[in-house]
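This report describes one protein chain, going from its overall make-up to single side-chain contacts. The sequence and the model are shown first.

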Amino acid sequence: EKVRGGLNDWILCCTIGHPPASLRKDINREFCVEITSVRKFAKAIARALKAQSFCFSRCIYVPDRIIYGVVDKSVIDPKSGPMADLLGWARAFLKHPIFSAQNEFRFVWRGVGQNHGVEFVEIPELKQYCRRIPLR
């Protein structure tokens, strides 16, 4: 049986532009990384993860995940099951407006089976698609 609800996805969350001061304080770093070729960056990671597919987008900040029209009562949870199937890729890019200061951009890679926790992957090829930027 296929795994639904994002359990077979890898997600990389980024900020557009320089991160806000609150985020800089949380990450406690002296630099950030600018991705200079978004598509090539995503493709290189897809190859390393052996992902089936991938997409990327700026997040959309909305108070609710709403579907208009007649919806079967079995479609309840927006993060798993039939609702997740209905929302598809979009569910990874919807965030509540209280997070809008993050100005988030996300990458999502679709895998096979269920992922278990954080996965660290070394991909030397990525250096050619990004550069370090000092934080002021």
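What covers the buried residues of α2? The cover includes β1 (9-15), β2 (31-35), β3, β6 and β7 (130-134). Here contact means heavy atoms within 4.5 Å, and buried means under 20% relative accessible area, exposed over 50% and partly exposed in between (1.4 Å probe, protein chains only).

The model is predicted: local features need pLDDT of at least 70, side-chain atom pairs count only at pLDDT 80 or more, and totals for chains, interfaces and linings use all residues. Residues are numbered from 1 along each chain as its sequence is written, and side-chain values use heavy atoms, with hydrogens and water left out.

**Chain**

The chain holds three helices and seven strands, in the order β-α-β-α-β-β-α-β-β-β from the N terminus. Helices (H or I, at least four residues) and strands (E, at least two) are DSSP runs, numbered from the N terminus. Of the 136 residues, 29% count as buried. Among contacts between residues at least 6 apart in sequence, 82% join residues at least 24 apart. The accessible surface of the chain is about 9600 Å², with 55% of it belonging to carbon and sulfur atoms; the areas come from the Shrake-Rupley method with a 1.4 Å probe, and for residues only the protein chains shown count as cover.

**Helix α2**

Helix α2 (residues 38-49) has twelve residues and reaches 17 Å from its first C-alpha to its last, close to the 16 Å expected at 1.5 Å a residue. The expected span is 1.5 Å times one less than the number of residues. Its buried residues are Phe 41, Ala 42, Ala 44, Ile 45, Ala 46 and Leu 49. An α-helix has 3.6 residues a turn, so residues three or four places apart point the same way. Just after α2, Lys 50 takes a positive phi of about 60 degrees.

**Aromatic rings**

Rings of Phe, Tyr and Trp (its six-membered ring) pair if their centres lie within 6.5 Å; planes under 30 degrees apart count as stacked, over 60 as edge-to-face and the rest as tilted.

| Pair | Centre distance | Plane angle | Class |
|---|---|---|---|
| Phe 56 and Phe 105 | 6.1 Å | 35 degrees | tilted |
| Phe 107 and Trp 109 | 5.6 Å | 5 degrees | stacked |

Phe 56 in strand β3 (residues 53-58) and Phe 105 in strand β6 are 49 residues apart, and their pair links distant parts of the chain. Phe 56 is partly exposed, at 24% relative accessibility, whereas Phe 105 is buried, at 17%. Phe 107 and Trp 109 are both buried. One aromatic cluster is formed by Phe 41, Phe 54, Phe 56, Phe 105, Phe 107 and Trp 109.

**Contacts of Lys 95**

Lys 95 has side-chain polar contacts with Gln 102 (2.4 Å) and with Glu 104 (2.6 Å). A polar contact is a pair of N or O atoms within 3.5 Å; within protein, one must be able to donate a hydrogen and the other to accept it, and residues adjacent in sequence count only if both atoms are side-chain atoms.

Gln 102 sits in the loop between β5 (94-95) and β6 (104-110) and is partly exposed, at 27% relative accessibility. Glu 104 belongs to strand β6 and is buried, at 5% relative accessibility. Leaving aside neighbours within four places in sequence, Glu 104 is in contact with Cys 13, Cys 14, Ile 16, Arg 58, Cys 59, Tyr 61 and Lys 95.
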